[in-house]
Amino acid sequence: MWKLATTALSAAASFSTLVTADPLSNCIENDVCFQVGVPTASASSGQGNIYYQMRASTRYSWVAIGQGDQMAGANIFVMYANGRGNVTVSARAGRGHIMPQADSSVQIQLLAGSGVSSDGKTMVANFVCSNCQRWGGGQMSLSSTTADYIGAYLVGQAPSNGASTSASIGQHDSHAAWQFDLTRATIANNANPYVTSSGSGSGSGSGSGSGNGVTQISSGTSTTRLIMIHGIIMTVVMVVLYPLGSLLMPLVGSWIVHGGVQVVAFLLMWAGFGIGYVASRSTVGFGATHTIFGTVIVALFGIQPFLGFAHHAYYKKHLQRGVISHAHIWYGRAIMVLGVVNGGLGLQLAGSDDAFVIAYSVVAAVMFVAYVAAKGFGVLRKRRRAGLSSGSGASGEQIRSKEQTSHVSPAGSYGGR
Ligand code: HEM
Ligand code: HEM
Ligand code: HEM
Ligand SMILES: *[C@@H]1O[C@H](CO)[C@@H](O)[C@H](O)[C@H]1NC(C)=O
């Protein structure tokens, strides 16, 4: 009996040395990596020290890891350069989609091996947290096989008061979520695992194998790409194609060219809407002004092609504009303006680069001027032609005379509206 017990004990002991591994690592970008190491003592008692490392390029303004599956309720650690060759790690409480505020109840300490590398390219934070099994917004078992983590980063300059734990930081460019199997992150000693015994080194590298003990939940990169595609499609539709299709009407005077361009734009718009909708579900949700307003505008566009066809049918019959014509023209212009404005809201929501915002505004302005110029040109040309006939009412419809003459009677019959 006694012998059996000791055999079991030594088996357990050798097992426990077997499972003692290296810290686990997860890189959410090539140059943004996080590690976690849990001393066996902490894992077995359910409380105590847990050792983190954040390693990132200094091209980032900040990078952060958080315990939790979303911002709200997460126990977040933000790293940024402190302007003195070292880094600040700021423990913050996630409260939702707003800047997390410093949380002094979380006990952390920066350890050896932290700092900005001598070539200025890399920043590393090795730190220990002594009460991270529980925090204001939640808790986490130190022996969980599915411990929820989030990460995020922002590219850019370090915060101006980087030495302060309450420095104000900008919104991330991207974020990710994953789970660590903490039973594979156990370390034998309750000590900084990221430095070699010879002194402050670069840390123990990439942890135990690729993907071992790490389950990816989401990476912000895929939605970032979706949002970019959505933004590009919607910009092309609202800022280029719809105005282009509209200016072609007075310029070319062919309802087929106009209607054709607008129908292509219309179909693209619905594709852009679908992509925006999918992207919104994993980001802002459906409740943002941009998404609600955008959905309303896209729906308002829904009847515009029908108004166009209705006008065309009306015109063929009466050879002049009717209420339906003015509805198509003015309703069209109004929703086009709303669409361009909503693109601006989208850029704001996405916190887009100034370059993109400037490009968007410039193209929008150019298209506006081109539309007005084409309109003026069309009106002038029509006046000149009207001078030869009887018409005094300057109407855009008359520009279509070339096309209309082919299947309607003589040109002289185009009166006013
Ligand atoms: C100024 C600071 C911050 C602001 C204003 C902010 C704002 C937002 C907003 C608006 C969203 C939803 C849209 C989107 O997905 O992009 C979001 C999502 C997210 N953020 Fe932040 N954030 C900030 C800091 C952080 C930090 C420090 C982390 C650290 C890990 C983080 C992690 C996440 C994650 C994982 C999501 C997706 C899950 C969720 O919706 O909560 N954020 N944030
Ligand atoms: C008039 C219609 C719309 C236009 C012109 C438009 C345009 C844009 C633009 C230009 C951006 C910025 C993209 C970037 O900077 O990469 C954007 C972002 C976005 N749009 Fe739209 N959009 C429209 C409608 C919608 C609709 C109906 C939805 C969803 C139902 C939607 C969802 C989004 C989302 C989720 C973002 C990203 C916001 C973020 O990064 O947090 N958009 N949109
Ligand atoms: C979403 C799609 C559409 C939009 C945004 C749109 C927009 C416009 C706008 C702004 C004008 C006024 C052009 C000007 O200033 O001279 C116009 C005129 C016109 N549209 Fe459309 N349109 C669309 C679809 C169509 C379609 C599918 C047809 C097809 C039959 C059509 C037929 C016409 C015609 C015949 C005119 C000339 C009206 C006149 O000058 O009296 N439109 N459209
Ligand atoms: C950064 O600060 C930590 C903690 O005070 C220290 O151990 C480390 O050596 C510092 N790094 C540099 C590069 O000064």
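Helix α3 (220-252) makes the largest contribution to the shell around ligand 2, giving seven residues; helices here are DSSP runs of H or I with at least four residues, strands are runs of E with at least two, and both are numbered from the N terminus. This is a predicted model, in which local features need pLDDT of at least 70, side-chain atom pairs count only at pLDDT 80 or more, and totals for chains, interfaces and linings use all residues. Residues are numbered from 1 along each chain as its sequence is written, ligands are numbered from 1 in the order in which they are written, and side-chain values use heavy atoms, without hydrogens and water.

Ligand 2 has 27 residues around it, with His230, Phe286, His290, Ala350 and Ser352 coming nearest; a residue is counted if one of its heavy atoms lies within 4 Å. Besides α3, the helices α4 (255-281), α5 (289-301) and α7 (323-349) each supply at least two residues. The shell holds twelve nonpolar, 15 polar and no charged residues, where Ala, Val, Leu, Ile, Met, Phe, Trp, Tyr, Cys and Pro count as nonpolar, Asp, Glu, Lys and Arg as charged, and the others, Gly among them, as polar.

What holds the iron atom of ligand 2 from the protein side? Its protein donors are His230 (NE2) and His290 (NE2), at 1.9 to 2.0 Å, donors being N, O and S atoms within 2.8 Å of the metal (3.2 Å for Na, K and Ca). This pair joins distant parts of the chain, with His230 in helix α3 and His290 in helix α5, 60 residues apart. His230 is buried, at 16% relative accessible area (buried is under 20%, exposed over 50%, partly exposed in between, with a 1.4 Å probe and protein chains only). His290 is likewise buried, at 16%.

Turning to ligand 1, its iron atom has Met71 (SD) and His172 (NE2) as protein donors, at 1.9 to 2.1 Å. Met71 sits in the loop between β4 (60-67) and β5 (75-81), and His172 in the loop between β13 (147-155) and β14 (174-180), 101 residues away. His172 is partly exposed, with a relative accessible area of 21%. Among the shell residues, β13 provides the largest share, three.
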